[in-house]
Amino acid sequence: MSKIYLSIVVPSYNERTNLRKGVLDKIEHFLSRQKYLSEVIIVDDGSTDGSIELVEEFIKDNPRFSLVKTSHFGKAGAVTSGMLKAKGEYALFMDMDQATPVEEVTKLLPLVGEYDIVIGSRGSKRQGDPWTRLLMARGMMILRTILVGLRGIDDTQCGFKLFRKDVSDQLFAKLEKFHNGYKEISGSSVKAGFDVELLLLAQKMGYKIKEVPVEWLYVESRRVSPIKDSVEAVEDLIRIRLNDIAGKYKHL
């Protein structure tokens with residue numbers, strides 16, 4: 001039996017609008033033209049808008065795709081569930097909205113021999129990004145450096161990250177253990193802490209991380225609230241900093 005080369009994990013929470021735009025068709029069209037075997041794991045994060053039915057209908061005719069159903073744990077829990085189920089030699093997680101199109105993985109894959117983790121970077125000029133999001137991003141970079149000390153990475157929040165599978169297994173298993181699994185949440189939530197904590201742990205474990213510029217186009221989302229998300233981001237960074245000072249990441 002041939003081995004899967006690339007696994008793609010896509011978290012999905014109330015993504016009916018994006019699904020109706022044909023985002024899964026775009027992923028399938030790209031992967032069908034590649035010479036390697038691949039799989040796509042859609043992780044439904046407790047959707048309530050009919051998203052599950054749309055995904056289930058799609059995978060009937062697309063055997064490369066599978067669906068994992070979880071309670072509403074948020075992006076961190078959904079991504080972790082999918083990454084730990086991935087079977088490919090390399091595992092990518094990406095956002096459903098295709099703000100960074102799946103084709104951009106061709107920029108990352110050639111580097112995973114030299115690096116353990118290759119992440120997409122949106123750069124300072126983010127096409128279509130409103131000034132409020134740009135301000136949030138710059139503030140996040142400054143606070144991340146001051147509070148957490150995560151250095152050498154400009155864009156931690158781009159939802160397009162590729163891992164060597166053995167690295168992915170270790171990282172996500174440790175994060176899941178650290179959080180004692182993930183707790184159910186209510187409503188939508190855009191948590192900045194997940195990516196920062198993931199990359200900080202990767203650095204502490206000695207993994208080599210490479211940041212690569214990728215195409216990115218702002219996709220409007222009702223889930224982003226500049227004030228609420230900024231406050232939560234600061235809270236997340238402080239929590240990560242306190243955990244680090246207490247040496248909690250060293251014992252994972």
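**The sheet and its surroundings**

Guide: Happy to, and let's start in a loop: Gln98 sits between strand 4 (90-94) and helix 5 (105-108). Please keep in mind throughout that this is a predicted model. Gln98 is not a glycine, yet its phi is positive, at about 60°. For background, most residues other than glycine have a negative phi. With a relative accessibility of 11%, Gln98 falls under the 20% cut-off and therefore counts as buried.

Leaving out neighbours within four places in sequence, Asn18 is in contact with Val23, Met96 and Asp97.

Seven strands form an open sheet in the order 3-2-1-4-6-5-7, and the pairing is mixed. The edges are taken by strand 3 (65-70) and strand 7; each has a single partner strand, so one side of each has no neighbour in the sheet. On average, neighbouring strands are turned by 20° against each other, ignoring direction.

Five of its five residues are buried, so strand 5 is largely enclosed by the rest of the structure. Ile117, Ile119 and Ser121 point one way from the strand, while Val118 and Gly120 point the other way. Strand 5 pairs with strand 6 (residues 160-164) in the antiparallel sense, over three bridges. Across that pairing, Ile117 stands opposite Phe163 and Ile119 stands opposite Lys161. With strand 7 (residues 209-213), strand 5 runs parallel, and five bridges join the two. There, Ser121 has Pro213 of strand 7 as its bridge partner.

Two helices complete the picture. Helix 7 lies across strand 4, strand 5 and strand 6, and runs at about 105° to strand 6. Helix 4 also packs on the sheet, where it touches strand 1, strand 2 (38-45), strand 3, strand 4 and strand 6. The direction of helix 4 makes about 150° with that of strand 2.

These two helices meet each other as well. The axes of helix 4 (residues 75-85) and helix 7 (residues 165-178) come within 9 Å and cross at roughly 140°. Angles over 145 degrees would count as roughly antiparallel and 65 to 115 as roughly perpendicular, so helix 4 and helix 7 are oblique to each other. The crossing is left-handed. On the helix 4 side, the contact is made by Val79, Thr80, Met83 and Leu84; helix 7 brings Lys165, Ser168, Asp169, Phe172, Ala173 and Glu176. By kind, the residues of this contact divide into five nonpolar, two polar and three charged.

Notes:
Residues numbered from 1 in each chain as written. Predicted model: local features only at pLDDT ≥ 70, side-chain atom pairs only at ≥ 80, totals over all residues. Heavy atoms only, no water. Axes fitted to C-alpha atoms, helices over the stretch in contact; angles between N-to-C directions. Helix = DSSP H or I, 4+ residues; strand = E, 2+ residues; numbered from the N terminus. Parallel < 35°, antiparallel > 145°, perpendicular 65-115°, else oblique. Left-handed = near helix turned anticlockwise from the far one by under 90°. Contact = heavy atoms within 4.5 Å. Nonpolar A, V, L, I, M, F, W, Y, C, P; charged D, E, K, R; others polar. Buried < 20%, exposed > 50% of the residue type's maximum accessible area, 1.4 Å probe, protein only. Pairing = 2+ DSSP bridges.
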